[in-house]
Structures are given as structure tokens and as C-alpha cells.
Amino acid sequence: MSETRVDARNLLCPMPVIRTQDAVAGCAPGDRVSVWCTDPGVVYDIPAWCRVHGHAVCDIRQGENEIIIEIQVGETD
Amino acid sequence: MNNPRKAVALISGGLDSLLAARVVMEQGVHVEGINFFTGFCVEGHTHAIREKDRARPKRNNALWSAEQLGIKLHIVDIIEEYKDVVINPKHGYGANLNPCLDCKIFMVNKAHEWLEAHGFDFIITGEVIGQRPMSQRKDTMPVVARDSGAGDRLVRPLCARNLPPTLPELEGWLDRDKLFGFNGRSRKPQMALAAQYGFEDYAQPAGGCCFLTDKQYSVKLEDLWKTRGTREYDLDDIMLLKVGRHLRPRADFKMIVGREEGENRFMEGYRKRFVHMIPVSHVGPLVLLDGEIDDAAIELAARLTARFSKGRDAELVTIEVNNRKGGSHRLDVTPIPADEIPADWYI
């Protein structure tokens, strides 16, 4: 099981979603991906993207200027 | 049991593409969505940037559509490849810098490439004859099918019965009688179909999903191209055209003036790329300067910056000027009177 960090800071949606999608494409089920963002829209968009693709959002941590979303990769095809 | 046929649907986030995908899913076809990000998409950006919109719940409508449909959505970054569509549209522009027909051809072509790479059978779009003046006319819809390379694998379920049968209809993968014959600009048939499927709270059509259809945005992009002497651009260029007041006090430099806290915060990310200034004696905007920045440009920009600050009526306003290398100095300036700002400085 691997852990990948995605730096999507200073990117506006949907770029953080696209970066997440690209990172997850290279992962196996069970792998963890943490996405570092600044656009507040990611707290809606990345979980929505995870729901339609069957991945789990394990945690969303919101600081003053930074948001970190932890994802566990589901079954990929 | 036979494997179902597979279709990829162009999902914009609007009602038509949502319905088109659903109509095909009703016929037992496996559908996945694809959404293209050009950099000019209105979707989400203004919410993300502007403070006044922050309290409003924000969603990506394409992802919302996918959730309603229960399908996967693949979001594809086409920023680089899309430049050629914007710069050299074979079929020309619409009312502004919107190359709608070339854009549709390009996106269907990209969907066709995706289809071939993933072993899918056909493409779905939410196009309706007569809905849009450029890309959705009876005479241009065959052009999209032909020039995109999709040919008869392109299905428009909402108006299919007004068009020649496509491969999925001829092969019996789709029952043509269960497709629709919508046409024209009326939204009533789509709204009725949405109600039938139980779709509520879908995105309302609001003059397009692309900044290139916006007159002011197009004027700013034209200005950028003209003053640079080239029609090239990068993502940061086109993002910054969405933000702030843009003023060109001299042919060789432009100011981008943050209008509120959200824009100032967004523009802070560009501080290393531009000479920038901010009032320090009074509350005021972050201002980015783009172009040839000499002492006279700094003096003029500082007076304008003071004008847009809370110190606009003060005798002197102190402005901090920062260069690209991180150095800074302060200037005390008199705010420029409003009647000394010619209207044509505003881009």
C-alpha cells in the first residue's frame, strides 16, 4: 500500500480534481492519496469526484489557507 | 448475458447533456461522462476567487450531473491543445471570441479519441437543433460529426429524430423511437423531461459556460494579444483576465486592481511574477502591473492605486511598491482625481 502526496495549491477547480484523478490513476486499491489545496471549492468537488469513482474520503483538514484531503483508493478499472 | 454497449457522454454540467445521457442509459447502455477543461470555463472560478460568493454553496455542475446519473466522470485538461482552437478557429468566432463550432468539433474529436482508447461504442452530446446560433444549427451539426471524425458514432438523443439515423440506431443498439425530436430555443421540452426523470436543482442556462462568450472578457483577451504582439497565452494569463479591474493608462503597461478581499487573495499568488503595489497608509487593493514598468509608470500606477483605496480623498496615500526580486520601497502620492481617469483606460 503506497501513499502519494498531490500538491494542488494555488490551483482553482477543476485543476485539483484533475491532479487527483491523475494521481489515483497510478494507484492500486487501498492506496492513500493526500491532496494539498487552497481553493475552498475542493471540499465539494474532490469528494464528489471520489463518490462517482468509488473512492473514500477519509479526512478533510481545513487550515486558514490550506486544505488537505485524504483519500483511500477504491476498486479501479 | 451480453455485455451492454458503451457510450461516452459529453457532460457540461447543463441540463441538456444530463438528459441526453439519461435517455441513452434508459436503453440499457453503459454510459460514462467526459468533461473538458479549457481554462475558459466559467464553472466554479468566480466562486473560488470572489469573496462575496464564498458563502454560497459551490458545486461543479458536471460532477453533480454525474452523481445524479450514477456514472463516472472523467475530467480532461485540454488547456494546451485548446489554444489552437481559440487562436485559429477554422469556422471563425461568434459574437465575441467564442469559437463555438470549432470548439464543439474539437471536443467531440477528443471524445472520439477517448472512445477508441477505451473500447467504447459511441458518443452522446446534449445538442439540440436550433438551440445555439453557431454550433447547434441543422447545417452545422453534420459538420461537427464529419470534422470531428466521430461520423455516425455521434448521437444527439434529444434531437435524433430530426437527424439521419446513426450507427447505434441502425445497429439496433438504440431504439430510435425512444429518442427525441426537440428543436429550437425553447427549454420547455427539456424541463418537462427533467421533471419526468425527477431531476431538480439542475444548473440553469445562464448565457453560456465559457468566458469567451463574454464581451468584456473578450475585449481583455484582445487587448492582451494586441499589446504583446502575439496571440499566445498561458493559463495564468487567462485566469487573471477573470479577476479585478483592468486599466491600461499607457500603451506599454496594464494594471490589474483587486476589487475585493477574495480577488486580492487570489492575486497574491502572482506577486512574484509582477511588479505589484498596495496602499499601506489606508485600506486598499492589491495591484499587479504588467508590461514595461519605468519610474513614470510606477508613479502613475501608485496615484491610481491610491484612487482605488480608502484614502481616495486624502492629501497623501503611502503606497508600497514591490519589484519582482522581492525588493520594495514606499511612495507618498496624491490620489488621482476621478475625472482625470479617461474612460478608455478601462479595458
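# Notebook: strands, helices and one interface

I started with β3 of chain A and found that it pairs in the antiparallel sense with strand β4 (residues 67-72) of chain A, over 6 bridges. For my own reference, strands pair if DSSP finds at least two bridges between them; helices (H or I, at least four residues) and strands (E, at least two) are DSSP runs, numbered from the N terminus. I then looked up Q62(A), and its bridge partner in β4(A) is I67(A).

A note on what I am reading: this is a predicted model, in which local features need pLDDT of at least 70 and side-chain atom pairs count only at pLDDT 80 or more, while totals for chains, interfaces and linings use all residues. Residues are numbered from 1 along each chain as its sequence is written, and chains are lettered from A and ligands numbered from 1 in the order in which they are written.

**The sheet of chain A**

I traced the whole open sheet next: 4 strands in the order β1-β2-β4-β3 of chain A, with mixed pairing. β1 (3-8) and β3 (56-62) of chain A are the edge strands, each pairing on one side only. From one strand to the next, the twist averages 15 degrees. Angles here run from 0 to 180 degrees between N-to-C directions, with axes as lines fitted to C-alpha atoms, for helices over the stretch in contact.

Which helices pack on this sheet? Helix α1 (residues 15-25) of chain A touches β1 and β2 (32-37) of chain A, and its direction makes about 155 degrees with that of β1(A). Helix α2 (residues 42-53) of chain A touches β2, β3 and β4 of chain A, at about 10 degrees to the direction of β4(A). A contact means C-beta atoms, placed from the backbone, within 7 Å.

I stopped at the loop between β1 and α1 of chain A, where P14(A) lies. A cis peptide bond joins C13(A) and P14(A), with omega about 15 degrees. N10(A) lies in the loop between β1 and α1 of chain A too, and its phi is near 65 degrees, positive in a residue other than glycine. Why does N10(A) count as partly exposed? Because it has 14 C-beta neighbours inside 10 Å; buried takes 20 or more other C-beta atoms within 10 Å, exposed 12 or fewer, and partly exposed is in between, with C-beta atoms placed from the backbone.

In chain B I checked D201(B), which is not a glycine but has a positive phi of about 60 degrees. D201(B) sits in the loop between α8 (188-197) and α9 (215-228) of chain B, and counts as exposed because it has 8 C-beta neighbours inside 10 Å.

**Where the chains meet**

I looked up the interface: 19 residues of chain B are in contact with 17 residues of chain A. On the chain B side, α2 (45-49), α3 (61-69) and β3 (73-77) of chain B are the elements giving two or more residues. The largest share, 4 residues, comes from α3(B). By class, this side of chain B has 8 nonpolar, 5 polar and 6 charged residues (Ala, Val, Leu, Ile, Met, Phe, Trp, Tyr, Cys and Pro are nonpolar, Asp, Glu, Lys and Arg charged, and the others, Gly among them, polar).

So how enclosed is α3(B)? It is largely enclosed by the rest of the structure, because 7 of its 9 residues are buried. The buried residues include W64(B) and L69(B), and as a group they pack against α2 of chain A together with α1, β2 and β3 of chain B. G70(B) follows α3(B), and its phi is positive, near 70 degrees.

**The sheet of chain B**

My last stop was an open sheet of 5 strands, in the order β3-β2-β1-β4-β5 of chain B, with parallel pairing. β3 and β5 (154-155) of chain B stand at the edges with a single partner strand each, so one side of each has no neighbour in the sheet. β4(B) and β5(B) pair over 2 bridges in the parallel sense, with I123(B) opposite L154(B) in β5(B). α1(B) packs on the sheet, touching β1, β2 and β4 of chain B, and its direction makes about 170 degrees with that of β1(B).

I also noted that 4 of the 5 residues of strand β1 (residues 6-10) of chain B are buried. A9(B) in that region stands opposite G33(B) in β2(B), and has I124(B) as its bridge partner in β4(B).

Notes: Contact = placed C-beta atoms within 7 Å.
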